[in-house]
Number of protein chains: 2
Amino acid sequence: MKLATYHDGTRDGQLWVVSRDLNRAVPATAIAGTMIDAIETWDAVHPALQALSDRLNAGQEPFATPFDAGRCLAPLPRAPQWLDASAFLNHGRLMDKAFDNPHNPDFEKIPLIYQGASDDLRGPLGPMHFPDDGLGIDMEGEFGVILSDVPMGTQADAALQHVRLLVQINDWSLRALGPREMRAGFGFLQAKPSTAFAPVAITPDELGDYWSDGRIHLRLDVEINERNVGRAIGSEMHFSFGQLIAHCARTRRLSAGTILGSGTVSNADREAGSSCISEIRVIELLDEGASRTPFLTWGDRIRMEARMPDGSAPFGIIDQTVAKG
Amino acid sequence: MKLATYHDGTRDGQLWVVSRDLNRAVPATAIAGTMIDAIETWDAVHPALQALSDRLNAGQEPFATPFDAGRCLAPLPRAPQWLDASAFLNHGRLMDKAFDNPHNPDFEKIPLIYQGASDDLRGPLGPMHFPDDGLGIDMEGEFGVILSDVPMGTQADAALQHVRLLVQINDWSLRALGPREMRAGFGFLQAKPSTAFAPVAITPDELGDYWSDGRIHLRLDVEINERNVGRAIGSEMHFSFGQLIAHCARTRRLSAGTILGSGTVSNADREAGSSCISEIRVIELLDEGASRTPFLTWGDRIRMEARMPDGSAPFGIIDQTVAKG
């Protein structure tokens with residue numbers, strides 16, 4: 001099942017079911033008004049949503065209209081919580097070199113996860129506004145999960161039962177502000193402006209075997225100004241989503257609607273390219289002695305889409321332009 | 001005007017107006033169903049809420065019942081965002097000594113603010129559950145503000161117009177987990193479990209001159225097991241709430257319902273005691289060569305109340321017990 005949130009003038013938007021091929025959509029508001037309503041009452045509403053989805057996919061839903069990603073907000077425009085990991089260690093190793101981070105003895109054992117801002121999550125298309133293009137504007141292509149309520153103390157092997165939906169993410173970052181915030185120890189705030197999401201959140205079964213071991217085993221295509229710079233695969237995620245959930249729930253419960261990100265999808269194989277500019281720049285520095293690729297500026301366009309082997313994009317497409325705001 | 005959220009089985013609870021003396025309360029659900037509804041539509045609903053408050057305070061509200069803090073959730077049980085500063089530099093200096101933090105050259109110029117979890121904010125009374133009493137269970141007595149929508153780039157001198165309500169906070173902390181999370185640079189996650197709030201959120205005018213310069217100039221009484229350990233005054237806050245808001249809004253807009261905390265209220269005068277145990281312990285270490293006061297364990301009771309000069313507690317009382325969960 002695929003779900004989207006259409007803009008309707010409210011902060012939480014309107015829940016729609018989208019067909020598997022992303023061609024058609026139908027309002028689900030008679031079942032659950034919003035995505036957060038659906039997540040909170042999942043067991044009660046899931047059968048009716050699934051039946052609507054089945055009718056839509058069978059071409060038997062009379063109220064279906066063409067799916068319009070331009071009407072999409074983030075699946076959860078305002079989530080109770082947004083947590084973002086750095087679970088691809090190849091990314092972490094490169095970033096430690098890029099920013100000359102101090103040695104972390106727990107690097108392979110304890111996941112790094114930051115608490116992000118969940119009050120203003122952004123949709124897939126259109127401009128992203130930043131105050132200054134001297135701040136090192138960068139993207140980070142990621143996968144993520146949306147959770148049901150997770151009790152405190154949930155262990156990794158039991159955690160995946162709390163995954164309700166899968167999402168695809170662009171974690172916008174301001175690299176000029178990150179190192180100072182990391183050194184100060186309180187984590188990212190100014191360095192992590194609003195995060196953007198692909199239009200469609202999907203149930204794990206939509207990916208078949210490509211959702212397994214608590215990982216999304218898909219290729220993530222990343223383009224800057226229509227040039228592909230990344231095609232890394234999700235399989236190299238060192239910590240599974242189950243391990244990440246368990247880490248977050250160690251000392252408190254997590255509320256339904258919590259979104260948990262993988263961190264930048266990154267592969268050790270250099271042929272896979274990079275899902276963020278900082279990685280590209282540090283690889284250039286290591287290989288060629290200097291970083292050539294600039295951070296983003298006004299008008300630059302970022303496109304990200306996860307790909308199934310048949311070429312389809314199960315989450316739809318993130319296609320955003322950097323704008324002065 | 002004083003507002004509270006009563007438990008009604010839903011996640012966001014039910015909005016009530018509370019009398020100035022905290023003796024009577026009346027449902028406000030005919031005006032706004034929940035606190036977040038009221039914050040989001042403040043200009044539209046404020047006149048009716050104020051009129052209800054005026055009738056309640058005048059003893060002319062026939063549907064008033066005795067105010068029951070035992071029915072209170074946090075004013076915003078689930079906020080769009082929870083940001084917490086460390087704006088009392090005396091606290092910051094002591095904590096840097098306690099945890100041997102590296103030198104921060106921007107200490108007096110750039111506020112330290114962490115992004116906290118806002119999905120599960122807790123009410124004022126009853127047990128707080130923790131997984132293990134070996135994790136350095138500690139409290140932090142704070143003040144805070146609840147904001148309207150704040151545009152990106154809002155400056156400090158214009159920021160205070162976005163303050164809708166004032167709150168009093170217990171920012172529960174697990175000290176054994178903080179240093180590793182600070183060193184790793186991604187900020188607090190396991191070290192900051194769910195945060196608790198005094199029962200009543202109040203409009204700034206309720207404090208008269210004790211809300212000025214973007215600071216709450218009240219004494220915060222803090223007790224552990226009925227022994228007063230802190231009575232610091234909010235006036236020593238180095239960065240005003242206006243400065244803190246501007247810092248948070250530098251690179252993104254903030255959504256209505258964002259809660260911003262002051263950090264632990266702390267005074268240079270040792271006679272003021274401390275609003276958290278870590279401060280007590282580092283002062284003992286400096287003065288006596290060893291920390292005597294233990295962190296909290298099962299059954300320990302924490303009480304916090306801000307005091308007006310007439311002895312009244314404008315936010316009501318936080319009174320929680322540490323429980324194994």
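Helices (H or I, at least four residues) and strands (E, at least two) are DSSP runs, numbered from the N terminus. This is a predicted model, in which local features need pLDDT of at least 70 and side-chain atom pairs count only at pLDDT 80 or more, while totals for chains, interfaces and linings use all residues. Residues are numbered from 1 along each chain as its sequence is written, chains are lettered from A and ligands numbered from 1 in the order in which they are written, and side-chain values use heavy atoms, with hydrogens and water left out.

**View 1. T264(B) in its loop.**
T264(B) sits in the loop between β18 (259-261) and α7 (277-288) of chain B. Its relative accessible area is 0%, so T264(B) is buried. Buried means under 20% relative accessible area, exposed over 50%, and partly exposed in between (1.4 Å probe, protein chains only). The side chains of T264(B) and H91(B) are joined by a polar contact of 3.4 Å. A polar contact is a pair of N or O atoms within 3.5 Å; within protein, one must be able to donate a hydrogen and the other to accept it, and residues adjacent in sequence count only if both atoms are side-chain atoms. Not counting residues up to four places away in sequence, T264(B) touches F88(B), H91(B), E140(B), G141(B), E142(B), S275(B), C276(B) and E279(B). Contact here means heavy atoms within 4.5 Å.

T154(B) lies in the loop between β9 (141-147) and α4 (156-159) of chain B. T154(B) is buried because its relative accessible area is 10%. A polar atom of its side chain lies 2.7 Å from the backbone oxygen of P151(B). Leaving out residues up to four places away in sequence, T154(B) touches A159(B), H162(B), A246(B) and A249(B). A158(B) belongs to helix α4 of chain B. With a relative accessible area of 29%, A158(B) is partly exposed. A158(B) and A246(B) are 88 residues apart in sequence, yet 8.7 Å apart in space, C-alpha to C-alpha. Helix α6(B) is mostly covered, with seven of its eight residues buried. These are F241(B), G242(B), L244(B), I245(B), A246(B), H247(B) and C248(B).

**View 2. I302(A) in strand β19.**
I302(A) is placed in strand β19 (residues 301-307) of chain A. I302(A) has a relative accessible area of 0% and is therefore buried. Neighbours within four places in sequence set aside, I302(A) is in contact with M139(A), N170(A), W172(A), E223(A), I224(A), L296(A), I318(A), D319(A) and Q320(A). R227(A) is 75 residues from I302(A) in sequence and 9.4 Å away in space, C-alpha to C-alpha.

**View 3. The two domains of chain A.**
Chain A divides into domain 1 (2-71) and domain 2 (82-324). Domain bounds come from an automatic or database domain assignment. The centres of the two domains, taken over C-alpha atoms, are 26 Å apart. In this interface, 15 residues of domain 1 of chain A are in contact with 17 residues of domain 2 of chain A. The buried area between them is about 1300 Å², and carbon and sulfur atoms give 66% of that area. K2(A), I39(A) and W42(A) supply 42% of what domain 1 of chain A buries against domain 2 of chain A, more than any other three residues. Buried area is the accessible area (1.4 Å probe) that two parts lose on being put together, summed over both.

The rule finds one salt bridge across this interface. R20(A) forms a salt bridge with E206(A), and the closest N and O atoms are 2.9 Å apart. A salt bridge is a side-chain nitrogen of Lys or Arg within 4 Å of a carboxyl oxygen of Asp or Glu. Three residue pairs are in polar contact between domain 1 of chain A and domain 2 of chain A (both at pLDDT 80 or more). On the domain 1 side, β1 (2-6), α1 (35-40) and α2 (42-57) of chain A each give two or more residues. α1(A) gives the most, with four residues.

**View 4. The interface of chain B and chain A.**
54 residues of chain B are in contact with 54 residues of chain A. About 4700 Å² is buried between the chains, and carbon and sulfur atoms give 53% of it. The rule finds 10 salt bridges across this interface. One of them pairs E40(B) with R78(A), with the closest N and O atoms 2.2 Å apart.
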